[in-house]
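Work through the exercises below with the sequence and the model open. Try each task before reading its solution.

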Amino acid sequence: MVLVEIAAGGETGVGWTYADLSAATLIESRFVKLLAGHDAMSISAAWAKMLRDIRNVGRPGVAATAISAVDNALWDLKAKLLGLPLVNLLGRVRDAVLVYGSGAFTSYAPERLRQQLGGWAEEGMRFVKMKVGRDAAADRERVRVAKKAIGDCALFVDANGAYTRKLALAQAEHFAESDVRWFEEPVGSDDLDGLRLIRDRAPAGMDIAAGEYGYDHYYFRRMLVAGAVDVLQADATRCCGITGFLRASALCESFNLALSSHCAPSMHLHVGCAALPLVHLEYFHDHVRIESMLFDGFCAARDGVVRPDLTRPGHGLELKRKDAEKYAVSF
């Protein structure tokens, strides 16, 4: 986690990304001086300044994650200066966001798989997601075990691009026997033709999803123009922040497609309640653990949804500084 704090007018905005240490170095070396004295209310202008500043660095990858952390902190700061919860500043369209439990890694033994996914289903989640892709034959059995454990809860699978096109098509047929409703990255996200092929031939009722590696709206537009997905995934800790996430949301509206947020549940809660095409938020096991450990104000899922705390300004999270200090890395 690369965490950014920005102060103005007696308030401090907090933002973060999940990225390499080099993102912190880039923020320190370029953006601190660049944004010192900038109008805290003019987020779009600050966002544009950062984009211009990294023109020769390269926008996708580390630079985009660095911009994301700063942009997220700027949105939190602006909302705090106005005394508003962030969702009200962005424009609330819903009071809560559906979540899907996400984890069930390929390294999990069957019993742990049952325990985690079945536990989420018992807690009221309507969707849960497991990892596949390490062993095709084993994946089929693991999917059967998972579906039996969750009952009527919808099962999602995520291959992280591990399959070839033909294998992905074969796996989709097998997974359909267990009523899998979502097949994420059946092939690599850069293989837009392959994603389109899987989308066209996948069993009815199985959505194809991808987009978590999108660092800007150009990437998302290429994916949507290619007809590669049924659901676009975007990550505000990667796609140049909440500002970039809102652009992804607008693209989904223009293509009449659904949007889902990737990881970092706390960062997506408020913007998720403001993004019209958003269908759910990824309640990722590792990030839930990290964010609940490091922040006061963490909002846990209840009965399959997560609700922002409207009594707290900004995104509502404050760093537990003493708890976080022991994990700090010098750069």
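**Exercise 1: the cavity**

The largest cavity is lined by Pro-265, Ser-266, Leu-269, His-270, Leu-281, Tyr-283, Gly-297, Phe-298, Cys-299, Val-306, His-315 and Leu-317. This is a predicted model, in which local features need pLDDT of at least 70 and side-chain atom pairs count only at pLDDT 80 or more, while totals for chains, interfaces and linings use all residues. Residues are numbered from 1 along each chain as its sequence is written, and side-chain values use heavy atoms, with hydrogens and water left out.

Task: state the volume of the largest cavity and sort its lining by class.

Solution.
- Step 1. On a 1 Å grid over the protein atoms alone, a cavity is a set of points where a 1.4 Å probe fits but cannot get out; lining residues have an atom within 4 Å of a point.
- Step 2. The count is 1 cavity of 30 Å³ or more, and the largest cavity has a volume of about 80 Å³.
- Step 3. Its lining holds 8 nonpolar residues, 4 polar ones and no charged ones. Here Ala, Val, Leu, Ile, Met, Phe, Trp, Tyr, Cys and Pro are nonpolar, Asp, Glu, Lys and Arg are charged, and the others, Gly among them, are polar.
- Step 4. α11 (265-272) and β10 (278-284) each give at least two lining residues; α11 has the largest share, with 4.

**Exercise 2: one lining residue**

Task: find where His-315 lies and decide whether His-315 is buried or exposed.

Solution.
- Step 1. His-315 sits in the loop between β12 (305-306) and β13 (318-319).
- Step 2. The relative accessible area of His-315 is 6%, so the residue is buried (under 20%; exposed is over 50%, partly exposed in between, with a 1.4 Å probe and protein chains only).
- Step 3. Leaving out residues up to four places away in sequence, His-315 touches Val-14, Trp-16, Asp-76, Leu-86, Met-267 and His-270. Contact means heavy atoms within 4.5 Å.

**Exercise 3: cysteines**

Task: count the disulfides and check Cys-239.

Solution.
- Step 1. A disulfide is a pair of cysteine sulfur atoms within 2.5 Å.
- Step 2. The structure holds 0 disulfides. For Cys-239, the nearest cysteine sulfur belongs to Cys-240, 7.0 Å away, and Cys-239 is in no disulfide.
- Step 3. Cys-239 is buried, at 2% relative accessibility. Cys-240 is buried as well, with a relative accessible area of 0%.

How values were computed: On a 1 Å grid over the protein atoms alone, a cavity is a set of points where a 1.4 Å probe fits but cannot get out, and a pocket is an open set with protein on both sides within 12 Å along at least five of seven lines; lining residues have an atom within 4 Å of a point. Grid points are joined across faces, edges and corners, and a volume is the space filled by probe spheres set on the points.
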